[in-house]
Amino acid sequence: MSRQLFYSRDQGATPGLYQHLAQEFERRLVSRREAEEMADPREAQIERLKADQATLKRRLAEREAEVAELKAFRQQAASQIAAQHAEIERLRREASTPNLHRLLARPHD
């Protein structure tokens with residue numbers, strides 16, 4: 001069926017064969033839009049994108065908190081390693097002083 005059958009043939013002077021259907025369609029479309037039964041697909045897309053954005057912002061905040069926590073852990077671990085290294089160096093220096101005598105283990109009989 002041709003779309004032209006919905007519209008008038010002579011610029012509105014003679015109605016098209018199915019023009020009453022076109023008018024009914026337009027009337028129902030307007031009433032549904034006014035009643036918000038038929039949502040605008042752009043509005044639905046906007047709402048979906050807003051929800052996606054909120055989810056991504058939440059995930060980003062979680063990742064940033066996790067990164068900050070891991071950086072603090074790395075800093076603490078590096079400090080502990082540095083302190084242990086300093087203690088090992090101190091013990092090596094003390095072990096090399098002449099005041100210390102090594103004890104030899106006695107052979108087992």
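Tutor: Buried residues make up 4% of the 109 residues in the protein, where buried means under 20% relative accessible area, exposed means over 50%, and partly exposed lies in between (1.4 Å probe, protein chains only). This is a predicted model, in which local features need pLDDT of at least 70 and side-chain atom pairs count only at pLDDT 80 or more, while totals for chains, interfaces and linings use all residues. Residues are numbered from 1 along each chain as its sequence is written, and side-chain values use heavy atoms, with hydrogens and water left out.

The protein has two helices and zero strands; helices (H or I, at least four residues) and strands (E, at least two) are DSSP runs, numbered from the N terminus. The protein exposes about 10800 Å², of which carbon and sulfur atoms supply 55%; accessible areas come from the Shrake-Rupley method with a 1.4 Å probe, and for residues only the protein chains shown count as cover.

Helix α1 covers residues 19-35, 17 residues in total, and reaches 24 Å from its first C-alpha to its last, close to the 24 Å expected at 1.5 Å a residue. That expected span is 1.5 Å times one less than the number of residues. The buried residues of α1 are Gln-19, Ala-22 and Leu-29. Seen down the axis of α1, these buried residues fall within an arc of 85 degrees, so they line one face of the helix; the arc is that of the directions from the helix axis to the C-beta atoms.

The structure holds eight salt bridges, a salt bridge being a side-chain nitrogen of Lys or Arg within 4 Å of a carboxyl oxygen of Asp or Glu. One of them joins Arg-58 to Glu-62, with the closest N and O atoms 3.0 Å apart. Both residues lie in helix α2 (residues 41-95), four residues apart, which is about one turn of the helix. Arg-58 is partly exposed, at a relative accessible area of 46%, and Glu-62 is also partly exposed, at 39%. The side chains of Glu-62 and Arg-58 are also joined by a polar contact of 3.0 Å. A polar contact is a pair of N or O atoms within 3.5 Å; within protein, one must be able to donate a hydrogen and the other to accept it, and residues adjacent in sequence count only if both atoms are side-chain atoms.

Another salt bridge links the side chains of Arg-90 and Glu-87, at 2.5 Å from N to O. Arg-90 and Glu-87 are three residues apart in helix α2, so about one helical turn separates them. Arg-90 is partly exposed, with a relative accessible area of 31%, and Glu-87 is partly exposed, with 34%.

A further salt bridge brings together the side chains of Arg-92 and Glu-89, at 3.5 Å from N to O. These two residues likewise lie in helix α2, three residues apart, or about one turn. Arg-92 is exposed, with a relative accessible area of 55%, whereas Glu-89 counts as partly exposed, at 29% relative accessibility. Elsewhere, salt bridges that share partners join Glu-24, Arg-27 and Arg-28 into one network.
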